[in-house]
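Me: I have a new model open and would like to learn how to read it. Could you walk me through it?

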Amino acid sequence: SEAIKVVNLKKVYPDGTKALKGINLTIKEGEFCGLMGPSGSGKSSLLHLIAGLDRPTEGNVWVLGREITSMEEDDLAEFRKKNIAFVFQFYYLLEDFSVLENLVIIGQMAGIRDVKRKALDILNFLRLEDKVKHKPSQLSGGQMQRVAIGRALMLEPKILLADEPTGNLDLEEGMRIFELFKHLNQEKGITFVVATHNTELSKFFSRIIRLRDGMIL
Ligand code: ADP
Ligand code: ADP
């Protein structure tokens, strides 16, 4: 069935910039989609609207059958927490806390049980077991992104949206992140939409959505 459905989605920013000019799009559960297009084409705006992190000027977004643009802020926050994870180019880790604590704190805020065991399982899966006590500043970029992904996985999302997740990494680190995504897609059935302009990583996608100037090509 449908993971994401977007109908006539438009976004005009307060300064008049028309970032999205009527997007129509359906993504099925279990897809591994790339969102590609030049800088400024609207990738980030589209992902934020699908995640419910911003409100559209016009149009509708259904996520797992629920229309999210008409949801109250509290319901949307609750729905997002249960279903949607977002991974950014910059990792936004808590710098004063260890790798393990970064995962545990998110789990505690979400009221998840057995958080420490769960965090350690995820860090093992991400091959970060020897970094649990490190602070983010002691890690490489690829390792920091893996911690950010681990934090996203604590909430067992059904959909993972990523905005230029390898934009700050070299190709080898980027490949490793994409292999990890692919594995999560295949093993856990998580639906992915990943914005990137790195054409060397596009071979991983099962489908590519191309944006230009706020429209799908
Ligand atoms: P991409 O992710 O493909 O680089 P964005 O969605 O970030 O594209 O941007 C699409 C367009 O919207 C660009 O022209 C960008 O400058 C503009 N834009 C993005 N965010 C804002 C904002 N908060 N205010 C005004 N314009 C914005
Ligand atoms: P990766 O395993 O993600 O490819 P790198 O090859 O960049 O990581 O790093 C190799 C090793 O150097 C890793 O064990 C990493 O923890 C360590 N390292 C990288 N950057 C730093 C840093 N700024 N401070 C301390 N250790 C670092």
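Reply: Gladly! Let's start with strands: helices (H or I, at least four residues) and strands (E, at least two) are DSSP runs, numbered from the N terminus, and two strands pair if DSSP finds at least two bridges between them. This is a predicted model, so local features need pLDDT of at least 70 and side-chain atom pairs count only at pLDDT 80 or more, while totals for chains, interfaces and linings use all residues. Residues are numbered from 1 along each chain as its sequence is written, chains are lettered from A and ligands numbered from 1 in the order in which they are written, and side-chain values use heavy atoms, with hydrogens and water left out.

Me: In which sense do β1 and β4 pair, parallel or antiparallel?

Reply: Antiparallel: strand β1 (residues 2-12) and strand β4 (residues 58-63) share five bridges. Val6 faces Val61 of β4. In general, side chains in a regular strand alternate between the two faces of the sheet.

Me: What joins β4 to β5?

Reply: Two bridges, with β5 (residues 66-67) running antiparallel to β4. Trp62 has Glu67 in β5 as its bridge partner. The hairpin of β4 and β5 has two residues between the strands, and Leu64 there takes a positive phi near 50 degrees.

Me: Which polar backbone atoms does ligand 1 meet through oxygen?

Reply: A polar contact here is a pair of N or O atoms within 3.5 Å. Oxygen atoms of ligand 1 lie 3.0 Å from a polar backbone atom of Gly42 and 2.8 Å from one of Ser44. For a side chain, look at Ser45: an N or O atom there is 2.6 Å from an oxygen atom of the ligand. By the Shrake-Rupley method with a 1.4 Å probe, the protein covers 61% of the 560 Å² of accessible area that ligand 1 has on its own.

Note on methods:
A polar contact is a pair of N or O atoms within 3.5 Å; within protein, one must be able to donate a hydrogen and the other to accept it, and residues adjacent in sequence count only if both atoms are side-chain atoms.
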